[in-house]
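Here's a quick briefing to read with the structure open beside you. Take a look at the model first, then run through the notes.

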Amino acid sequence: MTARAGAQPLLDDRQGRRAMVWIMAIMIFLTTLSAALGLSTRNAGGALDRQLAARLTVQVIEGDAARRDAEVVRLLARLKASADVTRAAEVDRARLAELLRPWLGEAGLDADLPMPAMIDVDLRSGDDAAVARVEALAKGVGTGIRVDRHATWLAPVRSFVGAIGLTAFGLVLVMASATAAVVLLVARAGLDTHRGTIDILHMLGSTDLQIARLFQRRIGQDTLTGGLIGALVGALVIVALGERMATLESQLADGVTLAGADWALIAALPFAFTGLAMLAARIAVLRRLARVL
């Protein structure tokens, strides 16, 4: 009862509490965006891995157009008959020419100059054994055939996506550390401001643990209020960005999504930060009171 009687004067700092709420709202808003970025890029990386592991591009490089076309026909027949292949289709020559035009110009697309044929291949499984079998099958058709794995030449993109995800998760840890630091400062400032009241509470029989509970309960309330505000605004921003992302015609962008479990983790952030703030307040107050006394 003694500790409760001092609850109002001890922590009745409305201006400070409003500042605490908005500080926590901003920090958890930024944490929500960082967590969403980390989770979505992790999902995008996984989707990219699955797509690239089972995709190959086969190039038929032959100067003689008639021989090249004959090799393409034989190769397509063998690929479609293979148990490892789910789809094999030649890239449209006109589309290929359009892709090469910025690099070669009109002169490079002269009909008398040879142009390789390209075949897109989707595998049933992207394991090394299946890829090796398809490579052996393709190279058995002709000596001028080269097989490229999408995972090889898009490895830098995959590495970059992974780096973005790690950076985002690192920002979440930084925000958690900053939250703990803010709580330590707020708790110490509260102790200094209400030093006289705390001395009276001690004389009336209140323990350090009871006083610490007053601080951690009030800081927990402020953190949760600000956290819910920040998480709600952050979720609205994430949804808006997701709608914009959906309009992009990109396989990589399609993988940048959040699953139900990801949303659950994001929703748990305000409560996790509240627990962290209460723990930090408890430790800070108890340590400070132990040194004072």
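Threonine 274 is found in helix H12. Keep in mind that this is a predicted model.

**Threonine 274**
- With a relative accessible area of 9%, threonine 274 is buried, because the cut-off for that label is under 20%.
- Setting aside neighbours within four places in sequence, threonine 274 is in contact with Gly220, Thr223 and Leu224.

- Aspartate 262 pairs up with arginine 42 in a salt bridge, and their closest N and O atoms are 3.0 Å apart.
- This one links distant parts of the chain: aspartate 262 sits in helix H12 (residues 260-292) and arginine 42 in helix H3 (residues 14-53), 220 residues apart.
- Aspartate 262 counts as buried at 3% relative accessibility, while arginine 42 is partly exposed at 45%.

**Salt bridge between strands**
- Arginine 87 and aspartate 122 form a salt bridge too, with 3.1 Å between the closest N and O atoms.
- Arginine 87 lies in strand E2 (residues 85-90) and aspartate 122 in strand E3 (residues 117-123), so the pair ties together parts 35 residues apart in sequence.

Definitions and conventions:
Residues numbered from 1 in each chain as written. Predicted model: local features only at pLDDT ≥ 70, side-chain atom pairs only at ≥ 80, totals over all residues. Heavy atoms only, no water. Salt bridge = Lys/Arg side-chain N within 4 Å of Asp/Glu carboxyl O. Helix = DSSP H or I, 4+ residues; strand = E, 2+ residues; numbered from the N terminus. Buried < 20%, exposed > 50% of the residue type's maximum accessible area, 1.4 Å probe, protein only. Contact = heavy atoms within 4.5 Å.
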